[in-house]
Amino acid sequence: MPLLLASTSRYRRELLERLRLPFHVARPDVDETTLPDEAPAALAARLARLKAAAIAAHHPEAWVIGADQVAEVDGQAIGKPGHRDAAIAQLTTMSGRAIRFHTALCLLREAPLQEGTPAESTLHEASDVTTVRFRALSAEEIERYVDAEQPFDCAGSFKSEGLGITLFEGIDSQDPTALIGLPLIALSRLLRAARFHLP
């Protein structure tokens, strides 16, 4: 069965490669603007579905993986910093605190039940909540880290698989891959439900 990853994130691609299934990557074109009063977990779930649906609409019969991650600070969603000053500001806000990261996942297939009939959606979903406990970070530590790793394309302004791990007191999670952006334990469960053979 064709498998597509609705993401151009190299982090998600590298994680999916661990499962040793053939797949292709496609760039979803979706508006990631937060809706009024939308909770971070709901935002992550909605964007994961939107990404998968954007690709599935053009690839009938294929299974499409959509994923999104949103960091939550004081009940508000924060995303990728995009540049140095924003990354420093995010890490300054998170210093000495426990921050929740919501990672949503969906596996979607648009296919007709019978030839000539309208497409029917088959959707499997999962989510993961990871709590990251940050050390009390000095301004110098934050600037050194940001300049060393430049985590501008990462929600929360760090790379836990890299030098970012030094910023933490601890991580509370059921799936260590969720914080990187693609929870493989949950994804394996969804793929098995879709009749992929793992391992």
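What share of the contacts in the protein with a separation of 6 or more comes from residues 24 or more positions apart? They account for 67% of those contacts, where a contact means heavy atoms within 4.5 Å. Keep in mind that this is a predicted model, where local features need pLDDT of at least 70, side-chain atom pairs count only at pLDDT 80 or more, and totals for chains, interfaces and linings use all residues. Residues are numbered from 1 along each chain as its sequence is written, and side-chain values use heavy atoms, with hydrogens and water left out.

**The overall build**

- You'll find 5 helices and 7 strands here; helices (H or I, at least four residues) and strands (E, at least two) are DSSP runs, numbered from the N terminus.
- Walk along the sequence and the pattern reads β-α-β-α-β-β-α-β-β-α-β-α.
- The radius of gyration, taken over C-alpha atoms, is 18 Å, close to the 16 Å that the globule rule gives for 199 residues, so the protein is as compact as a globular protein of that length. That rule is 2.2 Å times the number of residues to the power 0.38.
- Taken along the principal axes, the C-alpha atoms fill a box of roughly 65 × 40 × 25 Å.

**Surface and charge**

- Of the 199 residues, 47% count as buried. Buried means under 20% relative accessible area, exposed means over 50%, and partly exposed is in between (1.4 Å probe, protein chains only).
- The accessible surface comes to about 10,300 Å², and 50% of it belongs to carbon and sulfur atoms. Such areas come from the Shrake-Rupley method with a 1.4 Å probe, and for residues only the protein chains shown count as cover.
- There are 21 positive and 27 negative charges, and their mean positions are 5 Å apart. Lys and Arg count as positive and Asp and Glu as negative, while His and the chain ends are not counted. Each charge is placed at NZ of Lys, CZ of Arg, CG of Asp or CD of Glu.

**The nonpolar cores**

- In soluble globular proteins, nonpolar side chains tend to be buried together. A nonpolar core is a set of buried Ala, Val, Leu, Ile, Met, Phe, Trp, Tyr and Cys residues joined through side-chain atoms within 4.5 Å.
- The largest one here has 25 residues, and those with the most contacts inside it are Leu3, Ile65, Leu182, Leu187 and Leu191.
- Two or more residues of this core come from each of β1 (3-5), α1 (10-17), β3 (63-73), β5 (98-112) and α5 (184-193). The most come from α5, which gives 5 residues.
- Leaving out residues up to four places away in sequence, Ile65 touches a list of residues that includes Leu3, Leu16, Ala52, Leu105, Leu182 and Leu187.
- A second, separate core has 18 residues, among them Ala71, Val73, Ala87 and Phe158.
- Back in α5, the buried residues are Leu184, Ala186, Leu187, Ser188, Leu190 and Leu191.

- Ser7 sits in the loop between β1 and α1, and it is buried, with a relative accessible area of 7%. Not counting residues up to four places away in sequence, Ser7 touches Arg12, Val25, Ala26 and Pro28.
- Cys154 is in the loop between α4 (139-149) and β7 (168-172), and it is buried too, at 9% relative accessible area. Although Cys154 and Gly79 are 75 residues apart along the chain, their C-alpha atoms are separated by 7.6 Å. Cys154 touches Gly79, and its other contacts beyond four places in sequence include Tyr11 and Lys159.
- Leu50 belongs to helix α2 and counts as partly exposed at 35% relative accessibility. Its contacts, with residues up to four places away in sequence left out, are Val30 and Asp31.

- Most residues other than glycine have a negative phi, and most peptide bonds are trans.
- Glu61, in the loop between α2 (40-56) and β3, has a positive phi near 85°. Glu61 is partly exposed, with a relative accessible area of 37%.
- Asp74, in the loop between β3 and β4 (76-78), has a positive phi near 55°. Asp74 counts as exposed, at 59% relative accessibility.
- Pro199 is in the segment after α5, and the peptide bond from Leu198 to Pro199 is cis, with omega near -5°.
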